[in-house]
Amino acid sequence: MTSNDSRTMNAYLERLRGALRGVDESEVREIVQELRSHILEKAAGGDVDSALAALGGPEELAGRYLTDSLLARAAGSRSPVRLLRSLLRWASLSLAGFFVLLGSVLGYFLGGVFILVALCKPFHPQNAGIWTYRDTAGDLGISVRLGYGNAPGVGAELLGWWIVPLGLLVGCGLVMLTTHSALWCISTYRKSRALPGSGTEDE
Amino acid sequence: MPAPIKARQVDEPDSGDKWEVQLRKGCLELAILATLWGGKLYGLEILRRLESDSALIVSEGTMYPLLSRLKALGLLQSEWVESEGGHPRKYYALTPAGKQRALEMAATWSRFSGSMSRLLAPLGKAKR
């Protein structure tokens, strides 16, 4: 292998390493070492360029490793924050990931609002709660209020103090349901993949 | 007329018959487990074994991530062994779970291909 070949190979492996961010360092080291060994052996009977071409672009190759590593980690997490972080990365790799992220963000947000309203009610009974009101067009609307600020002048409050237990119940339920749904989507997606995809797109 | 078999199109869903690509992809996991039935091999050996023993020609860019995935699933284990060339090679071997999985998949495959052959027998006669 000439020094030029060596440079080409190292540049490829560096790009791969860069594209593998998010994967455990020890795993990245193994991947890079295995591919280096593969390229060296292939290039001994041919040239580096064709060996690299057979591997595909470094970003595309990294995408194949990444999705698997990410989903494996996401499937093992129960904490919404860690789950969301994995989903965010998955969303950048595939459309399926994007929709699961969207649904999860919505679910966690709604759950969080219910919990917050329930927690704020004892301290700001005038401001936290659920109200129905009629807007200017006469349509019936529902408004969830929490925190400081003025109480909505018009409209009737629903639930009253019941919002405290119900809000906590519904909020926690939504958070749990969202976690379960996201994990279900992840495990279904993993099982349905006969292969580590084509990198950035779903098949 | 069926499309001619294109052995080299495992990785290009757009350039070949989509059904055939999916079929090959579905078989690849079993094919890799089967190559390791006789003992440990490293990546390039697995590729060459697939190439010589079957029509399954796989690109490196597909196979290495798949090996990594099978290892993460606990079906394969790996070890580094120094080679004469000076660079260490990563050898893969079946774990007990991998052997179990290979046997199950092989049994399913035999059942499936048996019934498909029976079903397709009239088509073979029609061709002749």
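How much area do chain A and chain B bury between them, and what share of it is on carbon and sulfur atoms? The two chains bury about 2300 Å², 55% of it on carbon and sulfur atoms. Buried area here is the accessible area (1.4 Å probe) that two parts lose on being put together, summed over both. The model is predicted: local features need pLDDT of at least 70, side-chain atom pairs count only at pLDDT 80 or more, and totals for chains, interfaces and linings use all residues. Residues are numbered from 1 along each chain as its sequence is written, chains are lettered from A and ligands numbered from 1 in the order in which they are written, and side-chain values use heavy atoms, with hydrogens and water left out.

**View 1. The two chains and their elements.**
Chain A holds seven helices and three strands. Their order from the N terminus is α-α-α-α-α-α-β-β-β-α. Chain B has four helices and three strands, running α-β-α-α-β-β-α from the N terminus. Elements are DSSP runs (helices H or I, at least four residues; strands E, at least two), numbered from the N terminus. Chain A has 203 residues, 40% of them buried; chain B has 128, with 41% buried. Buried means under 20% relative accessible area, exposed over 50%, and partly exposed in between (1.4 Å probe, protein chains only). In chain A, 64% of the contacts with a separation of 6 or more are between residues 24 or more positions apart. For chain B, among contacts between residues at least 6 apart in sequence, 45% join residues at least 24 apart. Contact means heavy atoms within 4.5 Å.

**View 2. The interface of chain A and chain B.**
On chain A, 21 residues are in contact with 26 residues of chain B. Four salt bridges are counted between the chains. A salt bridge is a side-chain nitrogen of Lys or Arg within 4 Å of a carboxyl oxygen of Asp or Glu. One links A:Glu41 and B:Arg89, with the closest N and O atoms 3.0 Å apart. Helices α2, α3 (48-55) and α4 (58-75) of chain A each supply at least two residues of the side that touches chain B. The most comes from α2(A), with nine residues.

A:Arg64 lies in helix α4 of chain A. Is A:Arg64 buried or exposed? It counts as buried because its relative accessibility is 9%. A polar atom of its side chain lies 2.6 Å from the backbone oxygen of B:Gly61.

**View 3. The largest nonpolar core.**
This core has 49 residues, and those with the most contacts inside it are A:Leu16, A:Leu35, B:Ile32 and B:Ile46. Its largest share, six residues, comes from helix α2 (residues 25-44) of chain A. A nonpolar core is a set of buried Ala, Val, Leu, Ile, Met, Phe, Trp, Tyr and Cys residues joined through side-chain atoms within 4.5 Å. Beyond its neighbours within four places in sequence, B:Ile46 is in contact with B:Ile32, B:Thr35, B:Leu36, B:Leu41, B:Met63, B:Leu67 and B:Tyr92. Another core, of 13 residues, lies apart from the largest one and includes A:Leu87, A:Leu101, A:Ala182 and A:Leu183.

**View 4. A:Thr179 in helix α7.**
A:Thr179 sits in helix α7 (residues 163-192) of chain A. A:Thr179 counts as buried, at 8% relative accessibility. Leaving aside neighbours within four places in sequence, A:Thr179 is in contact with A:Arg78, A:Pro80, A:Leu83 and A:Tyr108.

Key
A polar contact is a pair of N or O atoms within 3.5 Å; within protein, one must be able to donate a hydrogen and the other to accept it, and residues adjacent in sequence count only if both atoms are side-chain atoms.
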